[in-house]
Each structure stands twice: as C-alpha cells, then as structure tokens.
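Here is a quick tour for anyone opening this entry for the very first time. Have a look at the sequence and the 3D view, then read on.

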Amino acid sequence: MALATASADAPSAAQAAKSNGGRPQRAARGFVALAKASPFIAPSFIGLIAFLIVPVIFVFILSFLNWSGAGPFSWAGVQNWVSIFKYDGAGHSLGVTAYYVLLNIPAQTVLALGLAVMLNRKRRGMAFFRVLYVAPYLSTPVAMGVIWFWVFEPQLGAIAHFLNIFGIAGPNWLNSSSWAMPVIAAVNIWQYLGFNMLFFFAGLQGIPRSLYEAAEIDGASKWRQFWRISLPLLNPTMLFVLVTDVIGSFQVFDTLYVLTGGTGGPGDSTKVMSLNIYDVGFQGTRYGEAAALSVLLFSVILIFSAGQFLFFRNRTTYEYSV
Amino acid sequence: MSAIALDPPVSKHGTPGRRALVRTWTIGKLTVFYGILIGVGAIFMVPYILALFGSLKPESQLLTVPPWDPPTHPAWANYPDTWSNFSQVQTDFAQYFLNTAIVTVCLTIGQVFFSMLAAYAFARLKFPGREGLFWIYLMTLMVPNIVTIIPLYTVMDKLHLVNTYWAVFLPYALGTPYTIFLMRQFFRGIPQEVVDAARIDGCGDLGVLRRIIVPLSRPVLITAALIAFVFSWNNFLWPLVITNTQSHYLLTVALANFNTGPGTGEYLNIALTGSLITLIPMVIVFIVFNRYIIRSIQLTSGK
C-alpha cells in the first residue's frame, strides 16, 4: 500500500517538498488527492446539488413566492400558507393521508411478518413461494392499478361477478366514499406485501438457531419462542420496515391516481397530500401553494420518522453471542 | 400464524394408536400450512391471469362473460390494435414503449456508471473531506421524492428541458446516494492486495476500476442496474408532470391517461392489453433475475 501510493504521488509530492516544508506540503498533497478524486465524484455531486439539494432549499423559498409556471416570481409572504388551509383543503388531505397510512401499515406489517415466519423453515417449496410473493413488487403499479380498477369495477369486475354467484350485491367499491380508501390500501398491500416479507425473512434468518434450541429445552412453546426470541431480535428490521413503509405510504400516488381516475374521488374522499400537491401545482399552476403543501408533507414525514426512531431506540435491544 | 402455535398433543413415544394420531395431526398441520401459502399465492397471481384472459377477449365479451372465463376465440388483434393506431381510439403503445425504453436505458447506464465512479472514490481513494461529503450524500436519502417534484419542475423549466427525454432521466442518471452507498459497501470488501498488485503492474485509478473492481463486483453492479431499470420502467409521477405531449409519453403516463380518458369499460380490452405490454419487461426481469432481486433486498436490510 505504502509503496504504491508513494510511487503514484511521488512526482507531485517531491515538487511540493522542494519549495515548501511540513504543513504546506501536506496541504499540497491533500489538494492533489482532491484533484485526483474529483473526476470520480463530480458527476454525482453535480447531480446531488442540482436535483436534490437545490430543490430542497428552493421548495422552502418557493412556498413564500407566487409562480404560475411561466414568467417571473413574486413575493407572497405567508399568503400561500394561509390559502392551502383555507382553500386547498390541506387539513383534510393530511387527515386522508393519515387514514391511508393507518389502513396500510399495521395490516401490511402483520401479514408480512406472518408470511416470513411461515416461510422461515426447512420445508419443501419455501424458496418457490418466496419468489412468487415478490412478483407484485416488480409489477408496474400503474399497470396493476388499471387491472385492479377493472377487478373492482362494480358491474363488470371479477369481484362483483363473484359476489353475484352468492346473490350478494357488493358495495360500489371505488365509487363509494367509504370503500374507496380501503380498496386502495388493499391494492397497495397486495403490491408490497412480498417485498416487506423478504425483509422480515432476512431478519429471521439472521437469528441463531441455538437460541430456539435452548428455548426448546426449557420447554418454551413455538408461540412463546416467537414473542420472546423472534420479535425482540427483529427490532432493527422492524424499525427499518416501518420507517421506509411509513415514508412511502405518506407519498402514495401511482396506484391511487389510477384507481380514482386521477381525481382523489369520490368527492375528495381519497385526496391525499401528494395528489393535492399535483393538483394545486400542475393542474392549478399555483406552484407557490404546491410548494407550501410539499413543505407541510415533508415536516409531517420527518416528525413521524423521528418519532419511530425514538420509540425503537428506547426499547431494549438484545445482544447475543453464538 | 396458526401453524406455529400448534403442537402435537401427545408425546413422541406412544402406543401405536397414539402414533397414528400424531401422524394424522402432522398431515393436518401440513395441509393447513401449504393451504395458506397456496391461497396467498393464488391471490397474488389472480390479477395477472384475469388480465391475460381479458387481453384476449373482444370488448363485447368483456362486458358480458365473467372475467375468469378463458377466452373462447382468442382475440389476438387486441395486441396489434394496442401497439399502433387503430381506427376507433388513438393508441400508440409502440411510441410509448420506445420512449420508455430510451429513457430507461439512459437512466440505467448513467446511474450505474456514475454511482460506480463515486462509490470507487468513497471506498478506495483518500481525499480531504471524504467522510463529510459521504455524510451529506447519506443525509439526502431522507428527502422524500414528492417534496422535490415541484422545485425540480422549476429547475427543469429554467433549464428549458420541460417535455424532453433529458428531463425525465437526468435527475436520476448522475448516480443516486442509495446506489453509491450500496456499491461503496461492496467495493470496500475487495482485498487491498489485489488493488496493490494492479498498481504495481502500472494501473492508474481507471485501470484499477476497469480491471479489478468491475470484474469482482458483478453481483452488486447487476443489482444496481436492476434497481435503476425497475425504478425507471415503473416511474410515474415525475414523467407525468414533466412530459406534456403524446409523443413524449411514457407507458405509465399513457396508460393512466387512457384509463381516465374514455368512460368506464370503454376500450377495456385495449387498457388491459396495454397494461400487459407494460408488464412484459418486468416479467422477463423477474424470471431471469429473481435471485438478484431477492439479494438486493437482503443487501438493503443488512446495513
């Protein structure tokens, strides 16, 4: 190592040493190292600045400006912040988004964990099922949305046809303001269940068998083993899955857009934050208000993520050695 | 869940009658176990099968027979009709497919290549400010996509890139913090001796990257390419806002517009066929690379 770097840096370091000593020489070497690394870093760094850091800073500024998508910006002050609550239903949207998260996360997590526990054993076909369950995760959400839209169609859909066999007249599903959101949540659970299952599966695989064997000898039932060994040791996985899922759920868009025909309907019963941002910004061309909505959503997501983080950090984490 | 809670009610060493009971119990347990797994699998597969049947039925049949009836005389015409303009409704999935393919290829190549360069610098080069810079990269992982949509649109507007292919893939084609992180972890695991040997043989940084790192990192490079490919092919919100003429639509945008455009049930055969055309590359990726996909998920959780 030493030999290789010395030979690579030798000419420039020697040059630097000729005129300067000690610290300046080190600074020169640092400069050379930076110069050598910069072609590798520069593209991603430019991308990071232009497409992430500048937009994140700018969204805060834009939330205090008027902009219609063309022409100059003008100062709006807190006006955007007032009007999103007054005219754009920001409060309602937040409530609807929270309702969606509540429908989605607990069911999704419990089902994913249950499937992972079932698949975490040495039986025939486990790998096959594992692969099968991941298929929806890869499937284009918009395409699946079109298909599910048809499946839930109140007259033509498979579910309506199926219920008809038993003489049941089902609800209007996506046309009903009380059923639309549960249907959207169900479709999203269908889409991401296998994906989440894999995280729990990977977590379970990491727990040493010896712990279960010891529990077995002590006479602990499988049920007890799950609560006392698997679940506590899955804490880090649980944190990861919950944080990423909650962040994702707060941003739900693709499936919801297709299932509600881009309206967030019926009425505005499924008009979540992301759809509101899209509507106010790109349909209403009031980008200042849309930016204010974005900042609002960002704050809520940050608060929830931090909350989950603290909740899990304060719980005991278990150390074990094999 | 129920399967784990149950235990044979008798001890392992019993009378022959008891042993038979245990066997029945075990068989029953296995039946429930596989029953649940197959049931869940069926729920996962049903929409694909229904859509496949639906895409092979003429519209009139879609409105009458139950969706699970297999098509009696497969209406293959749905596919060419969806692929290029047919008389009753404007469909140009050939164009959308091409647009999506162009954008996806550019995004994937760019994201993998530039992430690789950055990951190499973070993993293998020493330069002042490296740790701090990497920390900034990681911090940006916390920014939700939706938050940057509005300002990103403004940036693209100022760059005069709205409604171009460039605008669709550029924000993701210069490397993403997530992929850089994933690759950096992998690159750090490559033994230093191998790199030193290459350097003694006269390799510079590019030589080391090309001759040592890339050949040894194929799994993580394939994983990164898959992540980029799937992301780009399925991406919807950004293409929806940044493209506004039909000639630049991606498959997802065209599909969503088509579904919301005509009335319910109208041209349903076309909508279903379009969905399946959109899914074909994902099905291929899934069949060929499922090992890598499962691996990529495990890589993510292992951090």
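Helices here are DSSP runs of H or I with at least four residues, strands are runs of E with at least two, and both are numbered from the N terminus. On that count, chain B has 15 helices and 0 strands, while chain A comes out with 14 helices and 2 strands. Keep in mind that this is a predicted model.

**Chain A as a whole**

- The radius of gyration of chain A is 27 Å, well over the 20 Å that the globule rule gives for 322 residues, so the chain is more spread out than a compact globule.
- Laid along its principal axes, the C-alpha trace of chain A spans about 95 × 75 × 35 Å.
- As for burial, 39% of the 322 residues of chain A count as buried.
- Take the contacts in chain A with a separation of 6 or more: 68% of them are between residues 24 or more positions apart.
- Chain A splits into domain 1 (2–62) and domain 2 (86–314), and the centres of these two domains of chain A, taken over C-alpha atoms, are 43 Å apart.

**Chain B as a whole**

- Chain B has a radius of gyration of 26 Å, whereas a compact globule of 303 residues would have one near 19 Å.
- Its C-alpha atoms fill a box of roughly 75 × 75 × 35 Å along the principal axes of chain B.
- Of the 303 residues in chain B, 40% are buried.
- Among contacts in chain B between residues at least 6 apart in sequence, 71% link residues at least 24 apart.

**How the two domains of chain B meet**

- Domain 1 of chain B covers 2–83 and domain 2 of chain B covers 93–301, with 35 Å between their centres, taken over C-alpha atoms.
- The two domains do touch: 14 residues of domain 1 of chain B are in contact with 13 residues of domain 2 of chain B.
- Which elements give two or more residues to the domain 1 side of this contact? They are α2 (16–55), α3 (59–62) and α4 (78–83) of chain B.
- Of these, α4(B) supplies the largest share of the domain 1 side, with 5 residues.
- Sorted by class, that side of domain 1 of chain B has 7 nonpolar, 4 polar and 3 charged residues.

**Where chain A and chain B touch**

- The contact between the chains draws 80 residues from chain B and 83 residues from chain A.
- On the chain B side, helix α15 (residues 268–301) gives the most, with 15 residues.
- By class, the side of chain B that touches chain A has 56 nonpolar, 19 polar and 5 charged residues.

**Two helices of chain B to look at**

- α8(B) is mostly covered, as 7 of its 9 residues are buried.
- The buried residues of α8(B) are B:Ala167, B:Val168, B:Phe169, B:Leu170, B:Pro171, B:Tyr172 and B:Ala173.
- Just after α8(B) you'll find B:Gly175, with a positive phi of about 100°.
- Helix α9 (residues 177–188) of chain B has 12 residues, and its 16 Å from first C-alpha to last is close to the 16 Å expected at 1.5 Å a residue.
- Buried in α9(B) are B:Pro177, B:Thr179, B:Ile180, B:Leu182, B:Met183, B:Arg184 and B:Phe187.
- As background for reading such a list, an α-helix has 3.6 residues a turn, so residues three or four places apart point the same way.

- Most residues other than glycine have a negative phi, and most peptide bonds are trans.
- B:His160 has a positive phi of about 55° although it is not a glycine, and it lies in the loop between α7 (145–158) and α8 (165–173) of chain B.
- Is B:His160 buried or exposed? B:His160 is exposed, because 9 other C-beta atoms lie within 10 Å and the cut-off for exposed is 12 or fewer.
- B:Asn163, found in the loop between α7 and α8 of chain B, also isn't a glycine and has a positive phi near 65°.
- With 15 C-beta neighbours inside 10 Å, B:Asn163 counts as partly exposed.
- In chain A, the peptide bond from A:Gly265 to A:Pro266 is cis, with omega near 0°.
- A:Pro266 sits in the loop between α12 (254–259) and α13 (273–283) of chain A.

Note on methods
Residues numbered from 1 in each chain as written. Chains lettered and ligands numbered in written order. Predicted model: local features only at pLDDT ≥ 70, side-chain atom pairs only at ≥ 80, totals over all residues. Domains from an automatic or database assignment. Contact = placed C-beta atoms within 7 Å. Nonpolar A, V, L, I, M, F, W, Y, C, P; charged D, E, K, R; others polar. Expected span 1.5 Å × (residues − 1). Buried ≥ 20, exposed ≤ 12 C-beta atoms within 10 Å, placed from the backbone. Rg over C-alpha atoms; globule rule 2.2 N^0.38 Å.
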